[in-house]
There are 2 protein chains.
Amino acid sequence: MIREIKEHRSVRSYKADPVPEQILTEILAAGTRASNTGNMQLYSMVVTRDRDLRERLAPCHFNQPCVTQAPVLITFCADINRFSAWCRQRGAEPVYDNFAWFFNAATDALLASQNVALEAEAHGLGICYLGTAIYTAAQICRILQLPSGVIPVTAMVIGYPDGEPPLTDRLPLDGVVHYETYHDYSLQDIDLIWASKEASEETRQLLEANGLPNLARIFTERRYKAEDNLSISRSYLECIREQGFFNQ
Amino acid sequence: MIREIKEHRSVRSYKADPVPEQILTEILAAGTRASNTGNMQLYSMVVTRDRDLRERLAPCHFNQPCVTQAPVLITFCADINRFSAWCRQRGAEPVYDNFAWFFNAATDALLASQNVALEAEAHGLGICYLGTAIYTAAQICRILQLPSGVIPVTAMVIGYPDGEPPLTDRLPLDGVVHYETYHDYSLQDIDLIWASKEASEETRQLLEANGLPNLARIFTERRYKAEDNLSISRSYLECIREQGFFNQ
C-alpha cells in the first residue's frame, strides 16, 4: 500500500517549525493534480499562516489547539466564482449558481484536499482535517472574505508532528464494501462489524469516563447530538444559499 | 511529488483483464485508511464486476464505453444507514438523517475514493471518476438497491489501461491558491489565469469543431448547459430527500 496512505493518522500536536515555502508549493500543486469536474478546477485553497488570522479562525474550529499550534491552516472551498467570472468576461452565460454545482465544486475541493494531505505526509509533515469548517461556515466566510460563489467544505492544519499518535482502528473491510449491489445489514452483521471496536480497551475507558453503557450512546449523547446536528444542517444550508449556490 | 499523484490521469480505454482479487482488496483497504468523520466511516463502496449489472448501470453514466469496458465499477456512497442501524440496535437514538450528515458522509466517501484512485494507480491500474453518479442518482439507487440513508456521491471505473493518455493541463497554481484570505480576481487576473489554456492547440481545435468564438462558451453552451445544471440540481436534491437525508 502507498506508504502515506497506510501510515496516515490525524496529528493534533505540532512543533512550531514553519513549513518551507518550496515544500508548501509542492503540496498545493499536488492538490491540483486530482481529478476534477470537466477540468474546471472549481475550488480554491485559502492558505492561512498569519498568526492573528489563525487565532481569529480558531473559535470556528472550537478552539482546537492544533489550529493555532500548526503553522499552516488551509481552508478548502468550493469555488464557482472564478470560473463564472471568466465566463462573463468572455460573453458566456454561466449557470453554475445552483446545488448541482455546489456539489461538483465541493467534490473537486475534497479530492484536492486528500492529495494535499498525502503529499504533506510524504514530506514528513502531519495533518488534521477540521470537519468543523461546515459547522461555522458563515463565520469562516466573513473572516476569509469569501465572495459569493465560494464556501468552505473542509479545512486542514499542516505542520511538523510533535510525537507520533497511533494509527486508529477501522471497521472490518467487508463491513463497508458491498459486492455487485448493496446488501443491507442483518442484526448479526451489525454485531460482527462493531465487535472488535466495542471490545477494545479504548471503548472500556470511554464508557467508564462517560458513565454510559455502550459506545453508540457516546456518539449520540456526547459527540454528535441531535440538537447540534440539526443546527449545523440549518446553518450550513443557509450558508450555501447565502453564498449564492441556490440562485437557480 | 508522490508518483501516483504526479502521474494521475483519467483513463477512458481499458483492456479486458480482470483486477486480481488480492489487489482489489488492497485498493479498497486503502480507501478505508482516509480520515473520516469521528471514525464513523459513513460510506459504503459498492463494487460491481458483474457484466449484466454494469450494462444496466451504463446508461446512468451516459453510456461512456469505459463503464462496460473496465472490469470494476465502484459506486461510492454516503451511508448513514449502517451507523444508524448500530445505534438503534444499542438503544441509542441516531439523528443523522439530515443535511449536515449527508455532507459529512459524502466527505468521508470522497476522501476514501481518492485513496482508492491513487492505490489503484500504484498497482499499474487506471481509473476514471464518473461525475455522472449525481446526475442519475435515483436510477443508481434502484439498480444497486440502496436503502434509505445511502446515496451515491461519485463513481469510478478501474482496470488495466489500454494506452496511456497524456496528462491534462491545470490552471497556474496561484490561480487557485489564496494566501491569508481570499483575494477576489481582477479582470487582468482572470485573463492571466486562462491565458495558456485559451492559447493551446487543443482549444483552437475545439473552437473550430464547435463553431464557437471562445472556450468559455464551449463550457456554457456545449458541456454544462443551464437546463441540464438546473435539472440535475433538482433531481439530486430530490434524491437526497428521498434517501432520507432531510428527515430532520
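Which strand of chain B pairs with strand 1 of chain A, in which sense, and over how many bridges? Strand 5 (residues 177-179) of chain B does so, in the parallel sense and over 3 bridges. The points below set out this pairing and its surroundings.

1. Basis of the note. This is a predicted model, in which local features need pLDDT of at least 70 and side-chain atom pairs count only at pLDDT 80 or more, while totals for chains, interfaces and linings use all residues. Residues are numbered from 1 along each chain as its sequence is written, chains are lettered from A and ligands numbered from 1 in the order in which they are written, and side-chain values use heavy atoms, with hydrogens and water left out.

2. Chain A overall. Chain A has 11 helices and 5 strands; these are DSSP runs numbered from the N terminus, helices being H or I of at least four residues and strands E of at least two. Its C-alpha atoms fill a box of roughly 60 × 45 × 35 Å along the principal axes. Of the 248 residues in chain A, 60% are buried, where buried means under 20% relative accessible area, exposed over 50%, and partly exposed in between (1.4 Å probe, protein chains only). Among contacts in chain A with a separation of 6 or more, 78% are between residues 24 or more positions apart; a contact requires heavy atoms within 4.5 Å.

3. Surface and charge of chain A. The chain exposes about 9,700 Å², and carbon and sulfur atoms supply 49% of that area (Shrake-Rupley method with a 1.4 Å probe; for residues, only the protein chains shown count as cover). There are 23 positive and 31 negative side chains in chain A, and the centres of the two sets lie 5 Å apart. Lys and Arg count as positive and Asp and Glu as negative, without His and the chain ends; each charge is placed at NZ of Lys, CZ of Arg, CG of Asp or CD of Glu.

4. Strand 1 of chain A. This strand (residues 43-48) is largely enclosed by the rest of the structure, because 6 of its 6 residues are buried. In a regular strand, side chains alternate between the two faces of the sheet. Here A:Tyr43, A:Met45 and A:Val47 are buried on one side, and A:Ser44, A:Val46 and A:Thr48 are buried on the other. Strand 1 runs antiparallel to strand 2 (residues 72-79) of chain A, to which 6 bridges join it; A:Met45 stands opposite A:Phe76 there. Strands count as paired if DSSP finds at least two bridges between them. In the pairing with strand 5 of chain B, the bridge partner of A:Val46 is B:His178.

5. An open sheet of 5 strands has the order 5(A)-1(B)-2(B)-4(B)-3(B), with mixed pairing. Its edge strands, each pairing on one side only, are strand 5 (177-179) of chain A and strand 3 (126-130) of chain B. Within the sheet, strand 2 (residues 72-79) and strand 4 (residues 150-159) of chain B are antiparallel over 8 bridges, and B:Val72 has B:Ile158 as its bridge partner.

6. Strand 3 of chain B. Although this is an edge strand, 5 of its 5 residues are buried. B:Gly126, B:Cys128 and B:Leu130 point one way, and B:Ile127 and B:Tyr129 the other. The strand pairs with strand 4 of chain B in the antiparallel sense over 5 bridges, and B:Ile127 stands opposite B:Ile158.

7. A:Asn98. This residue lies in the loop between helix 5 (81-89) and helix 6 (99-122) of chain A and is buried, with a relative accessible area of 0%. Neighbours within four places in sequence aside, its contacts are A:Phe245, A:Gln248, B:Asn229, B:Leu230 and B:Ser233. A:Gln248 is 150 residues away in sequence, yet the two C-alpha atoms are 5.2 Å apart.

8. B:Cys60. The loop between helix 3 (51-57) and helix 4 (66-69) of chain B holds B:Cys60, which is buried at 0% relative accessibility. Not counting residues up to four places away in sequence, B:Cys60 touches B:Thr132, B:Thr136, B:Gln139, B:Ile140 and B:Ile143.

9. A:Phe62 is in the loop between helix 3 (51-57) and helix 4 (66-69) of chain A. A:Gln145 is in the loop between helix 7 (137-144) and strand 4 (150-159) of chain A, and is exposed at 52% relative accessibility.
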